[in-house]
Amino acid sequence: MPEIMLSFRLSVGGGLAISRRVGQRRVRKLTSLERETELETSASIEIAKHTLLSCGLILAVGTVAGLLAQKIRIPDVAVFLIVGIAIGPQALGLVHIKADSALNQFILLFGASYILFDGGASLRFSVLKQVWITIVVIATIGVIITAVITGIAAHYILGVPLIVALLLGATLASTDPATLVPIFRQVRIRDRVAQTVMSESAFNDAMGAIVTFGVLAVATGSGEFSFAASLSDLLKQSVIGIVAGVALGYIAAFLIAHEKWAFLSEYAPVVTLVAVIGAYFAADGMEASGFMAVFVFGIVLGNKESFGFAMEAGEAQKLDEYVLTTAFIMRLFIFILLGAQVDFALMGQYWLGGVAVVTVLMLVARPATVFLCAWPDRRARWSFGEMLFMCWTRETGVIPAALAGLLLGMKAPGAQMIASVTFIAILMTILIQAPTTEWLGRRLGLLETKARS
């Protein structure tokens, strides 16, 4: 009995020891997990602080840059781009937000959408009725003309295979609404010219993407380019985008400007934010152009009086001020970040040939596109001066940069060269064409005496 009791006690004692050791290991394990959690939390806080500091710096520097642009009377996007280069990692290193980061993608997506909405809201049905044929032709056939001429030039200048050169041409073919809308907000060009160029830039992004990925399919051997399939895809994207934009625009106008049911009139700025996001994702979810939907939404809301809706003067002014301020902040962020992400090392490999290709794009491809697409439109009756002005306003910006980034991520043939030349095009068109827009408009007699509403 004593032996049995002793063994029992030993076994119980051993069991307690084992439990104690297991408990200690659990404590150590929990402590390790807590440590890891604390480290992750600390890292998240540091990332949040760095992001907040970067955004605050961009806002502060951008505000000063905007004031400077106003004083020297040039579009602020050009100044923002230079400031972005100066504070980016290639120069002072004050801001380093990667192009593929979630923050950068959010700014590009929402910022471009809101700027497009702002541009659409400034258009008027009465003007669009006169020039819609030119807009449709130049935003579709015009993209192909630009892509082909630029691609052939790149083939001979850079010595790359023709299909890769055409892929570059397709990437550069679409104009940039995020650049052009702010320019025409600041430079008072004749309504029908400004609205044609802004509308073209809003509608040709879908065509540019379709042509780019159509050529990519041929370049990678994964398919053949089909004109019928591309036309069908373009029509589908256009129709769905337009329907989504019209529906959201009408609903928003009803909620903020209906005579009896405008119970959200005091919250009009919030309604526009929700509707911009809703219009983009409604179209994008149906594999259509979200940017087109947002632009059409802006057109409908901006022409709400045509549908029998009218806001009170005070609420309308408050909404206008909010939209202008928000659009300013969005373009400030977009172009400072775009400048900060310019890779001069990559550009250096192709800078000489790239400058030559972009020169052909600006001085040959664009004029050929404008005259071939606008001159036959007898309804619009474009003057030589108006067409000459449209030849000069074809800035490259966010949309081509996004396409070049996608090609880099997909390791497409010639992607490094395409990205390099695309950034050269962004720098050349924004820094040369944007600052001279007002001067050219004045020389051609296209400046308006009254500010555009």
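Residues 24 or more positions apart account for 83% of the contacts in the protein chain with a separation of 6 or more, a contact being heavy atoms within 4.5 Å. This is a predicted model, in which local features need pLDDT of at least 70, side-chain atom pairs count only at pLDDT 80 or more, and totals for chains, interfaces and linings use all residues. Residues are numbered from 1 along each chain as its sequence is written, and side-chain values use heavy atoms, with hydrogens and water left out.

**Chain totals**

- The protein chain has 17 helices and 0 strands; helices (H or I, at least four residues) and strands (E, at least two) are DSSP runs, numbered from the N terminus.
- Of the 453 residues in the protein chain, 50% count as buried. Buried means under 20% relative accessible area, exposed means over 50%, and partly exposed lies in between (1.4 Å probe, protein chains only).
- The accessible surface of the protein chain comes to about 21600 Å², and 67% of this belongs to carbon and sulfur atoms. Accessible areas come from the Shrake-Rupley method with a 1.4 Å probe; for residues, only the protein chains shown count as cover.

**Helices α3 and α6**

- Helix α3 (residues 102–121) and helix α6 (residues 177–186) have axes that come within 9 Å and cross at roughly 45°. That makes α3 oblique to α6.
- Axes are lines fitted to C-alpha atoms, for helices over the stretch in contact, and angles run from 0 to 180 degrees between N-to-C directions. Angles under 35 degrees count as roughly parallel, over 145 as roughly antiparallel, 65 to 115 as roughly perpendicular and the rest as oblique.
- The crossing of α3 and α6 is left-handed; a crossing is left-handed if the near helix is turned anticlockwise from the far one by less than a right angle, and right-handed if clockwise.
- On the α3 side, the contact is made by Ile115, Leu116, Asp118 and Gly119, and on the α6 side by Pro177, Ala178, Val181, Pro182 and Arg185.
- By class, the contact of α3 with α6 has 6 nonpolar, 1 polar and 2 charged residues. Ala, Val, Leu, Ile, Met, Phe, Trp, Tyr, Cys and Pro count as nonpolar, Asp, Glu, Lys and Arg as charged, and the others, Gly among them, as polar.

**Helices α5 and α7**

- The axes of α5 (residues 162–173) and α7 (residues 191–219) come within 8 Å, with a crossing angle of roughly 165°. α5 is therefore roughly antiparallel to α7.
- The crossing of α5 and α7 is left-handed.
- From α5, the contact is made by Ile163, Leu166, Leu167, Ala170 and Thr171; from α7, by Gly208, Val211, Thr212, Val215, Leu216, Val218 and Ala219.
- The contact of α5 with α7 has 9 nonpolar, 3 polar and no charged residues.

**Helix α9**

- Ala279 is found in helix α9 (residues 268–285) and counts as buried, at 0% relative accessibility.
- Leaving aside neighbours within four places in sequence, Ala279 is in contact with Leu248, Ala293, Val294 and Phe297.
- Ala279 and Val246 are 33 residues apart in sequence, with 9.1 Å between their C-alpha atoms.
- Ile277 also has its place in helix α9; Ile277 is partly exposed, with a relative accessible area of 41%.
- Ile277 and Phe110 are 167 residues apart in sequence and 7.6 Å apart in space, C-alpha to C-alpha.

**Arg73 and Glu438**

- Glu438 is found in helix α17 (residues 437–443) and is buried, with a relative accessible area of 14%.
- Arg73 lies in the loop between α1 (2–72) and α2 (76–87) and counts as exposed, at 52% relative accessibility.
- Phi of Arg73 is near 60°, a positive value in a residue other than glycine. Most residues other than glycine have a negative phi.

**Other loop residues**

- Lys411 lies in the loop between α15 (398–409) and α16 (415–433), where phi of Lys411 is near 55°, a positive value in a residue other than glycine.
- Lys411 counts as exposed, at 72% relative accessibility.
- Gln349 is found in the loop between α12 (344–348) and α13 (351–374) and is exposed, with a relative accessible area of 53%.
- Gln349 and Ser420 are 71 residues apart in sequence and 7.8 Å apart in space, C-alpha to C-alpha.
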